[in-house]
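Work through these exercises on charged side chains with the model open. Try each task before you read its solution.

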Amino acid sequence: MSQVFTTEITSESIPSDNPIHQRLLKAYVLAEGHVLGDVLEVGCGEGRGIDMILPKAKSYTALDKIEPIIALLRKKYPSGKFISGNIPPFSQLQDNSFDRVFSFQVIEHIDNDRLFLKEIHRVLKPGGEAFLTTPNRPKSLSRNPWHIREYTAEELTSLASEFFQEVEMKGIGGNEKVMAY
């Protein structure tokens, strides 16, 4: 019997999933140049970007809610630390523990987005940086049933500014053909 997880998981091997997979993978490609020191990934899913981040990090810790997937990742990547649990809060993690926090396509799934950002801020070391991605609501093709909310760039900037002294908003877009679609 197959399992059904209550989350969005896409595959590079299923043709209909591949465009979404590629969009999600792009965040990791861009993040590679920012990996530094002790790294936390919040919402690692099936581990799409671990191969890019873990080798460059002093230490790698990941949080996700699906224990069977976390168990598989523990076996596949024994040098990483993988924690299963609903988030936020990040109760298993100490204050000021990480130089970098990465969370890609997660915040839109979180009921308490303010607590989510507050927890990211709490676990960052002084001078640490957080990198988040989320769909840009005006560019979404349809409403996603797994998303609690989607943000405009201005909304997310405003929300993040409640917790972080500096917030820089960037975008990940497609080529002309993708953007026309």
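**Exercise 1.** Is Asp 64 buried or exposed, and which side chain of opposite charge is nearest?

Solution. This is a predicted model: local features need pLDDT of at least 70, side-chain atom pairs count only at pLDDT 80 or more, and totals for chains, interfaces and linings use all residues. Residues are numbered from 1 along each chain as its sequence is written, and side-chain values use heavy atoms, with hydrogens and water left out.

Step 1: Asp 64 belongs to strand β2, residues 59-64. Strands (E, at least two residues) and helices (H or I, at least four) are DSSP runs, numbered from the N terminus.

Step 2: check burial. Asp 64 is buried. Buried means under 20% relative accessible area, exposed over 50%, partly exposed in between (1.4 Å probe, protein chains only).

Step 3: look for a partner. The nearest side chain of opposite charge is Lys 65, at 6.9 Å. Lys and Arg count as positive, Asp and Glu as negative; His and the chain ends are not counted. A salt bridge needs a side-chain nitrogen of Lys or Arg within 4 Å of a carboxyl oxygen of Asp or Glu. Asp 64 has no salt bridge.

**Exercise 2.** Which backbone nitrogen does the side chain of Asp 64 reach?

Solution. Step 1: find the atom. It is the backbone nitrogen of Gly 45, at 2.6 Å.

Step 1: list the surroundings. Set aside neighbours within four places in sequence; Asp 64 then contacts Gly 43, Cys 44, Gly 45, Ile 70, Ile 83, Ser 84 and Gly 85. Contact means heavy atoms within 4.5 Å.

**Exercise 3.** Which parts does the salt bridge between Lys 56 and Glu 32 tie together?

Solution. Step 1: check the distance. The N to O distance between these side chains, Lys 56 and Glu 32, is 3.5 Å.

Step 1: locate both ends. Lys 56 sits in the loop between α2 (50-53) and β2, and Glu 32 in the loop between α1 (18-31) and β1 (38-42), so the pair ties together parts 24 residues apart in sequence.

Step 2: check accessibility. Lys 56 is partly exposed at 46%. Glu 32 is partly exposed at 25%.

**Exercise 4.** Where do Arg 114 and Glu 162 lie?

Solution. Step 1: confirm the pair. Their side chains, Arg 114 and Glu 162, form a salt bridge at 2.9 Å, N to O.

Step 1: locate both ends. Arg 114 is in helix α4 (residues 113-123) and Glu 162 in the loop between α5 (153-161) and α6 (176-180), so the pair links parts 48 residues apart in sequence.

Terms used
Polar contact = N/O pair within 3.5 Å; in protein donor to acceptor, adjacent residues only side chain to side chain.
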